[in-house]
Amino acid sequence: MAQKKIDIKQVRQVAKLARLDLSEAEISQFTGQLSAILEYVEKLNQLDTANIEPLAHCLPINNCLREDNVKQSLGTEKTLENAPDKDEKFFLVPKILEDSGGF
Amino acid sequence: MTNIDYKIIVGLEIHVQMAAKTKMFCGCELAFAAEPNSKVCPVCLGLPGALPVMNRKAVEFAILTATALNCKVAEFTKWDRKSYYYPDLPKNYQISQYDLPIGSNGFIEIPVPGGATKKIRIRRVHLEEDAGKNIHTAGPFSQVDLNRAGTPLMEIVTEPDLNNAEEVKSLAIELQRIVRFLGVSEADMQKGHMRFEPNVNLHIKKDNNEYKTPITEVKNLNSFKALEKSVAFEARRQLDNFLETGECLQSGNKKTFGWDDIKEVTVLQREKEEAHDYRYFPDPDLVPVVVNEKWLSQINSRICELPLGMQKRFVSDYSLSDYDAGVLTSDKATADFFDSSVKAGGDAKRICNFITQTGLKIANEKGCSVAELGVEPDRLAELAKMADSGQVSATAAVTIFVEMTQSKEQPGRIAEKLNLIQKSDAGELEKIVDEVIAANPQAVEDAKSGDKKSKKAHGFLMGQVMQKTKGTANPQVVAKILASKLKI
Amino acid sequence: MSQEILKLTCRQLRDEIAKGEIKSSDAALAVFAQIEKYDGPIGAFLNTFKQDALQKAKEIDAKIAKRQNIGALAGVPIAIKDNMCTTFGTTTCASKILENFRSPYNATVIDKLLAADAVLIGKTNLDEFAMGSSTENSGLKKTVNPWDKSRVPGGSSGGSAAAVAAQMCFAALGSDTGGSIRQPASFCGVAGLKPTYGRVSRYGLVAYGSSLDQIGPLTKNTEDCALILNVIAGHDEKDSTSVDEKMSPMCDYLAGIEKSVKGLKIAVVPQLFEGADSEVVNAVKSAIDIYKKSGAEIIEIKMPHFEYSIAAYYLIATAEASSNLARYDGVHYGHRTKNAGDYIEVYTKSRAEAFGQEVKRRIMLGTYALSSGYYDAYYLKALKVRNLIRSDFTAAFGKADCIMMPTSPTTAFKIGEKTADPLQMYLSDVYTIAVNLAGVPAISIPCGFDKNNLPVGLQIISPAFAEEKLLRIARMFENQTDFHQRRPAL
Ligand SMILES: [Mg+2]
Ligand SMILES: [Zn+2]
């Protein structure tokens, strides 16, 4: 059988990127299933697309802009309504130790 | 001793918050210090099903800035998603611009010592949304406030053309001036409207070889002082590190530092577990931005004279010092106010003194600009003329100026009301001088003596005249009369 | 009485209610009686709103009694796929991660239905986050096909299709990213329309593949598709990808629906019939013959890139999904793990605990397709092929008014039949996916039954923004057949 399209190590790395704490069983199952799917999508390489533009969107529209007018926000109470953990005014998460903030 | 010669290389990334009323992709109000999580809606909270719609003003502000920074404005741009997980980033992707920034290949001229300027190339200007804030003061938790999430930002990236900490600071200040002149940002450092990230390394010549030290990025600096000091610190640290370890730039050894404002040192940040892989791809919820000629010229018709050009003009046309011209052009309203006052006939140096020595102080106390003090430029010019002609003394002129910011009356009326019109009538003044001479024979003798006491005695006699006239005598006229009477 | 009401279409019911012949409250009561009686085994609904719906129905009856103006769907009980946000009830996407999520806002389509005086009766089951073709991927409930309870209703709008087929509502909204309206419509013997991308606002539709998702109706016939499209279509300033009036002026899809299309040219792609079950092929071919007998011209064409649509779709849709679903992280809303040691584990464990296998699989695939080093080979390549696929449609519509083909290669398959092999499940979307990649509209209508008395769907595809004509073409078939009137024995 040909080499797998994606190996266990790569699947682990992708799970990390996707923030999924997968079990060992899932990792190995996904390795097989994703390999099969990636094998299948190889068929795209039958097509020469050297001179084809990528089509991210079907619609020929652009510049959908809104005016800079203030709209009602939800307010603190509604904003926090679905929060799994919160105090009076904030969402809470376990303490972030390596905060670098912003971009 | 080894012969060491090195050059500091710095490229700067600057995030500038735009002076729009609402966020980049939703109608939530941009409000400083609002109740936490009160300015949040389904869009900026990243709720399921919510969709972004671009703020026209933010897009136009970015185009305006790109043009002012001599960039090529892209005819076609789009939005991309930059993926990473962080609690202050509700969608876990930031909407930004990746391969097609709205502006590219520009430059900014910055003042350097000696009155000269230096061109720093601008690599790109792009638009993006800000994240919220994580707060780490609540025991074992971090608190998340999303009021800032979605705030429209411009990210401006320079080429590594800066060669010392002073230049870096100079660029930051110049950029602050420009965005304020354009009205695209309040650029208030206290409110975090400008944040800096310098990328620093050294090119070292040693024993006829050139070595490059690993690039470090210092994150999230929000004052000019921290920016300048961190670059200087990094340069020293990198030199020491190189001399000690010989470590050189390689792919993958770029490091990220934070800045400790108290110890004034850079601090290495713990590296994330996996390498950054932002997985940029075009945001399918947004459509492209196409900037045609018509729109571009409409936007660019709003471009004004830029601060550095204005500063140079004030020096060459009005003979101001470069320092004074710099102070006057630190914000557009002040610069325009000054310029209009001079154009209304006021003497440039005198108007400059009114503004820099008195006006800025009052404006500062009131928390507004000099232009907002309620003094019309032509009134200020009038006051300057009164002072020039000796109608009022220089001191009285300042008193009148202060009064003008409160009463909105004409300077002449104020001068009359406060009895500040100078007596320049030679006949009237001569009588008073004669009285003073008659009453102070000793001083007159001393003044005439020509020795050390002379100057002091002369001043005393002047003072007596001024006292008798309650300060309203024109000192120039008095001095003339006194001199002729004493024949010195 | 109540059984008689249930047989009506939306249009008929609305007219009866408007005339005062039938009370909206009676229609709502009939529907809830049907749900109480049959939805136990069928499992179409995740949530129903009996109190609120009856209240709303009473209000409409009062309006009619007072001769006030009423909306186009006045008093008509309608069900909503549970991936559209409603301020009433929960909006779960059939996922444990949103099991208790209450939206503070309504999707635009919901506001439009309410403005048209529809009575919204409940939220229907789906494949988790609309990822699937059988509704077996629901994280919350199992739904079966009303025609045969050992079979799937199709997916991902399986709950909506089953609810319409079992007369537990008069119409339902679904969403279609790769066939999720048309395929379950086909499996359940109802009409299902996927409008042109951009025709209906996506605001409040929980995103799966944003450049492909589109909301549309599942109904008893094409007339009702037109009626509902009239209500939900139109520009929405909250959705940057919804088309404006300039590009596509509003029109009344219902007004001219009985007009047949003169000189109708139908394109068929003979190779595409090769992959389908013979009973499906026969039903679809006889349907096309009916059109031919009414004077339509049949043109054989090739669509050389059609066969690449599944491969392109599963890269594009999953790439978008991996990003769209990043927000479900247990921080601001939704399920949060109880076992997090630090904030990173809030992400990794909440997501691992609450997402189902198919969702995880697609997130993994999409993350990989976008990751550094693979973007060009997978995601970008797929976008280029997408362009080629669209050009196939452009070429086809240069020659014909529409393209006809099966909606699905098979009739409803057995529960569990394809769950072991995800790729086999993906391949069952062979006929529907290209339509989403090209952004064009398509409808599935019942055109026959196989030997197991399972419905077969005819898919009709038209150029972008040609829904008006598309509905007329579909209506022509209904006017000559009665497949759309058959209902399963429950
Ligand atoms: Mg950035
Ligand atoms: Zn908002």
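This is a predicted model: local features need pLDDT of at least 70, side-chain atom pairs count only at pLDDT 80 or more; totals for chains, interfaces and linings use all residues.
Student: How do H2(A) and H12(C) cross, left-handed or right-handed?

Tutor: The crossing of H2(A) and H12(C) is right-handed, meaning that the near helix is turned clockwise from the far one by less than a right angle.

Student: Which residues make the contact?

Tutor: With contact taken as heavy atoms within 4.5 Å, H2(A) contributes A:Glu26, A:Gln29, A:Phe30, A:Gln33, A:Leu34, A:Ile37 and A:Leu38, while H12(C) contributes C:Gln357, C:Lys360, C:Arg361, C:Met364, C:Leu365 and C:Tyr368.

Student: Turning to aromatics, how many pairs are there over all chains?

Tutor: The whole structure holds 34 aromatic pairs. Rings of Phe, Tyr and Trp (its six-membered ring) pair if their centres lie within 6.5 Å; planes under 30 degrees apart count as stacked, over 60 as edge-to-face and the rest as tilted. One of the pairs is B:Phe314 with B:Phe338, edge-to-face at 4.8 Å centre to centre and 65° between the planes.

Student: Where do B:Phe314 and B:Phe338 lie?

Tutor: B:Phe314 lies in helix H5 (residues 307-318) of chain B and B:Phe338 in helix H7 (residues 332-343) of chain B, so the pair ties together parts 24 residues apart in sequence. Helices here are DSSP runs (H or I, at least four residues), strands likewise (E, at least two), numbered from the N terminus.

Student: Is B:Phe314 buried or exposed?

Tutor: B:Phe314 counts as buried, at 0% relative accessibility; buried means under 20% relative accessible area, exposed over 50%, and partly exposed in between (1.4 Å probe, protein chains only). B:Phe338 is likewise buried, at 0%.

Student: Now the backbone: which peptide bond is cis, with omega near 10°?

Tutor: That is the bond from C:Gly155 to C:Ser156. C:Ser156 sits in the loop between strand E3 (119-124) and helix H6 (158-165) of chain C.

Student: What is phi of B:Asn208?

Tutor: Phi of B:Asn208 is near 65°, a positive value in a residue other than glycine. At 83% relative accessibility, B:Asn208 counts as exposed.

Terms used
Residues are numbered from 1 along each chain as its sequence is written. Chains are lettered from A and ligands numbered from 1 in the order in which they are written. Side-chain values use heavy atoms; hydrogens and water are left out.
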